[in-house]
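Visitor: Hi! Could you walk me through this one? I'm new to reading structures.
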Amino acid sequence: MKRLFPIFGVLTLILLSFALYEALIGAPTEQTMGEVQRIFYYHVPSAWTAFLLFLINFGASVVYLIRRNPKADAVAAVTAEVGVIFCSVVLVTGPIWARPVWGIWWTWDMRLTLTLVLWLIYVSYLMLRRFSTSSQTPLIAAVLSVFGALDVPLVYFSIWYFRTQHPSPVIGRGGSLDPRMWHVLLINWAAFLCFAFLVCWSRYRLERLQREVEETQALEALLEQRGVR
Amino acid sequence: MTSLPAITQATLAKDLRLEWRSKDAINSMLFFALLVVVIFSFSFNPTAEESRQIAGGLVWVAFLFAAVVALNQTWARELRNQVLDAYRVSPAPANALFLAKAIGNFLFVSVLEALMTPLFIVFYTLRALGPAWQLIPVAMLGTWALVVNGTFFAAMSIRTRSREIMLPLLLFPISIPALLAMVEGTSAILTGEAAAKFWIVLLAVYDLVFTTVSLLLFETILHAE
């Protein structure tokens with residue numbers, strides 16, 4: 001597994017550079033939006049990756065609640081962290097794209113609001129993990145993740161109704177996407193997924209090592225105490 | 001005396017008696033909410049029409065902040081003298097404790113709302129243009145939505161550093177749909193421009209979902225030490 005890591009890293013790098021080339025040069029320029037539309041190839045794959053990671057976080061949290069498996073907790077911790085990073089990329093690239101195209105930085109549109117609320121929930125999840133002092137952090141965090149997941153459909157419906165009451169200047173991006181654009185989009189998504197997986201993988205290894213170190217230190221401290229007595 | 005209603009009642013009666021004698025939670029909440037109302041009132045200085053538009057938001061933000069003050073004190077009393085540890089080893093159902101605490105907080109926040117509403121009416125010259133009776137279900141369901149999650153998260157945050165700060169950080173993001181429903185429902189009733197039915201239903205669903213999940217998971221949280 002350890003030997004596989006650098007090979008996978010190099011492959012991801014190649015895929016990412018190819019995706020960058022395709023996004024900036026390969027893809028056709030959009031007619032109405034122009035060059036600025038190319039941010040689409042970062043914005044959308046980041047969003048999909050973030051949502052996927054949050055979904056994995058929820059799954060791992062449920063597994064942890066049922067099985068109490070520390071590996072599931074490590075997966076949950078890692079996917080939440082990397083998910084928040086990708087979600088931040090979405091929230092930053094969104095306004096950069098929206099300003100020239102819609103004329104506004106931000107609107108309380110359904111997808112925007114849902115992404116923002118998800119980001120807030122997962123930041124609070126990370127804060128909880130950070131601030132927790134008990135040995136039961138994984139359990140408390142898993143419970144919060146379940147609460148967050150249950151909240152998502154409620155946020156969705158409330159924003160949906162909120163939106164229908166207050167129409168905003170956003171025009172739906174109707175119409176079909178050019179097949180070449182689809183192609184570039186999917187390449188970019190594949191590259192982003194590989195990248196996310198790579199980061200999660202190394203972060204997961206780090207997390208496991210860190211816990212091992214902590215356990216060893218605790219054990220040593222315990223043995224030392226006994227030796228003194 | 002081991003049944004859930006009996007223990008809930010006993011714990012609730014104890015909390016209410018303690019509160020009645022000390023009045024810690026209600027006094028701090030009331031004064032806090034009063035400060036928020038006064039500060040909002042002179043920082044916006046709205047006309048009657050404007051205040052109808054913004055009052056829904058102001059009222060609920062004030063109540064939310066004030067409720068956090070009470071919610072933070074929920075478990076502090078039980079931590080002293082290891083009452084919570086005693087509860088853990090006793091055969092009493094964990095949910096009885098949770099329900100008693102949640103109902104207790106609900107009563108405190110409801111009293112606060114009942115006392116503060118006249119003040120809001122005075123400061124903002126409010127008069128509902130829609131069906132005013134609908135404010136009662138919005139207020140009751142909304143208060144329960146805040147309190148049920150708040151009580152649960154307060155139990156979670158007693159195991160963190162700087163727990164007083166942790167509670168709002170956990171509670172606010174999850175409460176966004178409930179807050180939106182409360183604010184929009186109240187504004188709809190005050191302005192009389194739209195129906196508040198959807199928001200009342202949404203609050204009811206929110207309450208149902210989170211009450212159920214809290215009752216299912218509270219035992220896990222209580223025993224996590």
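Guide: Happy to. Let's start with Arg77(B), which sits in helix α4 of chain B. Keep in mind that this is a predicted model.

Visitor: Okay, is Arg77(B) buried, exposed or partly exposed?
Guide: Arg77(B) counts as partly exposed, because it has 17 C-beta neighbours inside 10 Å.

Visitor: And how far is Arg77(B) from Leu18(B)?
Guide: In sequence, 59 residues separate Arg77(B) and Leu18(B). In space, their C-alpha atoms are 10.0 Å apart.

Visitor: Is Asn81(B) buried or exposed?
Guide: Asn81(B) counts as exposed, because it has 9 C-beta neighbours inside 10 Å. Gln82(B) is exposed as well, with 10 other C-beta atoms within 10 Å.

Visitor: Got it. What are the numbers for α8 and α9 in chain B?
Guide: Helix α8 (residues 163–191) of chain B and helix α9 (residues 197–223) of chain B pack at about 155 degrees, and their axes are 9 Å apart. The angle therefore makes α8(B) roughly antiparallel to α9(B). Their crossing is left-handed.

Visitor: Which residues of α8(B) and α9(B) meet?
Guide: On the α8(B) side they are Pro177(B), Ala178(B), Ala181(B), Glu184(B), Gly185(B) and Ala188(B). They meet Trp199(B), Ile200(B), Leu202(B), Leu203(B) and Tyr206(B) in α9(B). By class, the residues of this contact are 9 nonpolar, 1 polar and 1 charged.

Visitor: Which residues are involved in α1(B) and α6(B)?
Guide: In α1(B), they include Leu4(B), Ile7(B), Leu12(B) and Leu16(B). Among their partners in α6(B) are Leu97(B), Leu99(B), Ile103(B) and Phe108(B). The residues of this contact divide into 10 nonpolar, 4 polar and 2 charged.

Visitor: What about the largest nonpolar core? How many residues are in it?
Guide: The largest nonpolar core has 122 residues. Those with the most contacts inside it are Phe63(B), Ala67(B) and Leu203(B).

Visitor: What does Ala67(B) touch?
Guide: Leaving aside neighbours within four places in sequence, Ala67(B) is in contact with Val109(B), Leu146(B), Val147(B) and Gly150(B).

Visitor: We've skipped chain A! How many helices and strands are there?
Guide: Chain A has 6 helices and 0 strands. The C-alpha atoms of chain A fill a box of roughly 80 × 45 × 25 Å along the principal axes. Of the 229 residues in chain A, 31% are buried.

Visitor: Can you show me one residue in chain A?
Guide: Ala47(A) counts as buried because it has 21 C-beta neighbours inside 10 Å. Not counting residues up to four places away in sequence, Ala47(A) touches Val90(A) and Thr115(A). Ala47(A) and Leu24(A) are 23 residues apart in sequence and 19 Å apart in space, C-alpha to C-alpha.

Visitor: Last one: how many residues of chain A are in contact with chain B?
Guide: In chain A, 27 residues are in contact with 26 residues of chain B. On the side of chain A that touches chain B, the elements giving two or more residues are α4 (110–131) and α5 (137–165) of chain A. The largest share, 16 residues, comes from α5(A). By class, that side of chain A has 18 nonpolar, 8 polar and 1 charged residues.

Terms used. Residues are numbered from 1 along each chain as its sequence is written. Chains are lettered from A and ligands numbered from 1 in the order in which they are written. This is a predicted model: local features need pLDDT of at least 70, side-chain atom pairs count only at pLDDT 80 or more; totals for chains, interfaces and linings use all residues. Axes are lines fitted to C-alpha atoms, for helices over the stretch in contact, and angles run from 0 to 180 degrees between N-to-C directions. Helices (H or I, at least four residues) and strands (E, at least two) are DSSP runs, numbered from the N terminus. Angles under 35 degrees count as roughly parallel, over 145 as roughly antiparallel, 65 to 115 as roughly perpendicular and the rest as oblique. A crossing is left-handed if the near helix is turned anticlockwise from the far one by less than a right angle, and right-handed if clockwise. Two residues are in contact if their C-beta atoms, placed from the backbone, lie within 7 Å. Ala, Val, Leu, Ile, Met, Phe, Trp, Tyr, Cys and Pro count as nonpolar, Asp, Glu, Lys and Arg as charged, and the others, Gly among them, as polar. A residue is buried if 20 or more other C-beta atoms lie within 10 Å of its own, exposed if 12 or fewer, and partly exposed in between; C-beta atoms are placed from the backbone. A nonpolar core is a set of buried Ala, Val, Leu, Ile, Met, Phe, Trp, Tyr and Cys residues joined through C-beta atoms within 7 Å.
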